[in-house]
Amino acid sequence: MSQFNGAGERPAIFVEGLTKSFGEVHALRGIDLSVPRGTVLGVLGPNGAGKTTAVRILTTLLLPDGGRAVVEGHDVVRDAAAVRRSIGLAGQSAAIEESLTGRENLEIIGRLYHLSRPESRSRAGELLEQFGLADAADRTAKTYSGGMQRRLDLAASLVGRPRVLFLDEPTTGLDPRARLGMWDIIRSLVAGGTTLLLTTQYLDEADELADEIVVIDHGLVIAAGTSEELKNRVGGDVIEFTVPDRSRADDAVAAIKPIGEGEPHADPETGVVSVGVGARGSDALIDAVRALDAAAIASHGLALRRPSLDDVFLTLTGHAAEDEQPNGRRRGSRRGQAEDTDTARAAS
Amino acid sequence: MTAITGSAWAPGLGYRIRWGLSDTLTLTRRSLLVWFRVPAYIFFSVIQPVIFVLLFRFVFGGAIPVSVPGGYVNFLMPGIIAQTAAFATFGTAIVLAQELKKGTIDRLKSMPIARSAVLTGRLTADTIRMFVTILIIVAVGYAVGFRFLNGFGPAVTMVVLATVFGVAIACISAFTGLAIGDEESVQSFGLIWLFPLTFVSSAFVPIATMPGWLQAFASHQPVTYTINAMRAMALGGPLEPTLWPNLWRSLVWLAGIFIVFVPLAVRAYRRAA
């Protein structure tokens with residue numbers, strides 16, 4: 001990966017051979033990234049993959065063991081103070097003091113960015129307006145919905161007009177409507193020229209928002225490219241169907257194996273079976289119907305579709321993106337860095 | 001790899017002190033705003049010491065013979081005030097643990113602020129909070145018969161000593177909160193050491209009434225020296241000769257606590273993640 005893009009411009013974020021271990025846990029095992037100015041990099045991976053560790057190093061909260069990371073031309077280790085003046089970090093409402101109003105929260109952050117009192121006030125007003133919180137500005141943040149709190153948190157990260165924004169799982173735990181709202185806001189920020197690094201465990205989120213995606217698993221970048229490029233690695237289209245009788249999922253895998261271009265995958269919990277079929281399209285669909293019929297396997301919703309990033313993840317890692325979550329999504333945990341550091345603590 | 005020509009911007013010491021103070025004040029204001037916004041916080045920080053005042057003044061007090069001017073209520077109040085200051089630091093530990101867990105401290109550290117301000121702002125706000133609580137408890141004491149007998153100056157000095165003592169304990173609490181980093185754990189056992197420290201002291205009963213082995217601890221620990229000095233300041237008279245011996249020992253202890261726990265708290269804060 002080159003440090004310089006075609007235009008010869010320095011990338012907003014440049015990472016080379018970054019490593020970090022917590023005792024025996026190798027959170028990062030040599031990561032390279034390059035994010036051109038004004039673009040969105042989606043960092044995708046399951047819990048514990050190392051996403052949060054990478055963000056914590058890039059935002060100067062954690063020192064790397066090895067390698068190098070440069071944000072807006074400033075080395076995150078030697079020039080951490082300058083990095084902090086160029087970046088914003090938002091995630092799971094961590095900056096919000098719930099007993100204060102939205103306006104007070106933003107004004108205080110403005111003061112921390114050394115804006116004068118009137119400047120803080122007008123910046124807060126501006127952001128509240130931009131994020132659709134003007135009506136709720138003088139209510140305590142406690143009364144906000146989850147989506148509103150995230151928006152306020154994101155607004156807080158923008159008070160200092162950062163050129164590079166880090167969003168660490170900005171929609172984890174939000175309901176679908178609030179997620180869509182966040183996506184709109186994120187898109188408008190990017191349209192304004194902000195460089196964005198976004199970590200997520202939601203594949204559709206990366207698909208939706210990112211120009212480039214890197215997939216991280218066990219502390220390594222296992223794939224990088226645009227959403228299209230990654231999907232092509234699956235090998236064209238995908239056939240997917242549900243086997244209502246879960247005990248027959250393995251039979252279904254065996255039955256359709258000959259028509260797939262890769263290994264079929266069955267999710268034992270949902271009974272969803274999928275297989276990449278390359279460019280064979282509807283011919284493969286017909287073959288699949290015949291194969292299932294011949295094996296006397298009942299199925300629902302048999303369809304041909306474009307591959308999703310879920311398929312990419314399966315192809316690349318052999319396990320689904322969310323396999324490693326012991327208790328489902330981290331709805332209960334509000335902690336931005338729950339995954340990586342908890343492992344680290346356990347190990348140290 | 002060519003060197004990245006970053007803006008090697010090295011702010012002067014004056015600049016750093018100025019903004020360090022400004023950031024501290026901003027974060028102090030943030031904490032105090034929360035305190036004023038939620039009246040329950042004020043209520044809860046005062047209710048426990050008030051119950052203790054009433055309990056010891058009217059229930060246990062009659063059974064505890066003391067030989068200080070004005071009787072048991074005058075003996076009790078300096079002890080209660082010191083305990084109030086110490087217990088007020090529960091808030092310091094709990095809030096730091098909460099902010100750590102929630103990621104607030106991370107967020108603040110990712111901003112271009114003086115990193116120390118997160119700690120100094122918290123401690124400043126908590127000191128103000130503690131000071132106000134002490135004044136309320138003094139007023140409650142007055143309502144149930146407590147009197148400063150040694151004049152205004154020593155009374156003020158007593159309140160100041162109680163506050164300095166509280167700040168020393170707050171440093172231990174800050175360290176505890178940051179090191180444990182979990183609100184529930186802090187609440188259930190993180191500050192349990194405060195109980196023997198304040199109860200096995202001269203706060204509520206004369207140490208001479210304790211068994212010998214307990215006296216050995218009670219008479220040499222910082223809370224006792226501090227309370228004895230406070231009592232001598234508040235009441236004077238026959239206690240006057242006990243002032244200096246207790247006060248210098250108290251100050252040595254408090255200095256020791258600062259020397260040990262300020263760096264520990266700072267280290268826990270730096271490593272906090």
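Start by selecting chain A: of its 348 residues, 51% are buried, where buried takes 20 or more other C-beta atoms within 10 Å of a residue's own, exposed takes 12 or fewer, partly exposed is in between, and the C-beta atoms are placed from the backbone. Before you click further, note that this is a predicted model, with local features needing pLDDT of at least 70 and side-chain atom pairs pLDDT 80 or more, while totals for chains, interfaces and linings use all residues. Residues are numbered from 1 along each chain as its sequence is written, and chains are lettered from A and ligands numbered from 1 in the order in which they are written.

Contacts here mean C-beta atoms, placed from the backbone, within 7 Å. Of the chain A contacts between residues at least 6 apart in sequence, 70% link residues at least 24 apart.

Next, colour 13-231 of chain A as domain 1 and 236-306 as domain 2; those bounds come from an automatic or database domain assignment. Taken over C-alpha atoms, the two domain centres are 38 Å apart.

Pick His114(A), in the loop between α3 and α4 (117-130): its phi is positive, about 65 degrees, though it is not a glycine. His114(A) has 16 C-beta neighbours inside 10 Å, so it counts as partly exposed. Then go to Glu169(A), in the loop between β7 (164-168) and α6 (176-191) of chain A. This non-glycine also has a positive phi, about 45 degrees, but Glu169(A) counts as buried because it has 24 C-beta neighbours inside 10 Å.

Bring in chain B. Here 33 residues of chain A are in contact with 24 residues of chain B. On the chain A side, β5 (74-75), α2 (80-86), β6 (87-90) and α3 (102-112) each supply at least two residues.

Last stop: select 222-235 (α10) and 243-271 (α11) in chain B. Their axes come within 8 Å and cross at roughly 135 degrees, using lines fitted to C-alpha atoms over the stretch in contact and angles from 0 to 180 degrees between N-to-C directions. That makes α10(B) oblique to α11(B), as under 35 degrees is roughly parallel, over 145 roughly antiparallel, 65 to 115 roughly perpendicular and the rest oblique. To see the contact, show side chains including Tyr225(B) and Met233(B) from α10(B), and Leu247(B) and Trp253(B) from α11(B).

Definitions and conventions. Contact = placed C-beta atoms within 7 Å. Helix = DSSP H or I, 4+ residues; strand = E, 2+ residues; numbered from the N terminus.
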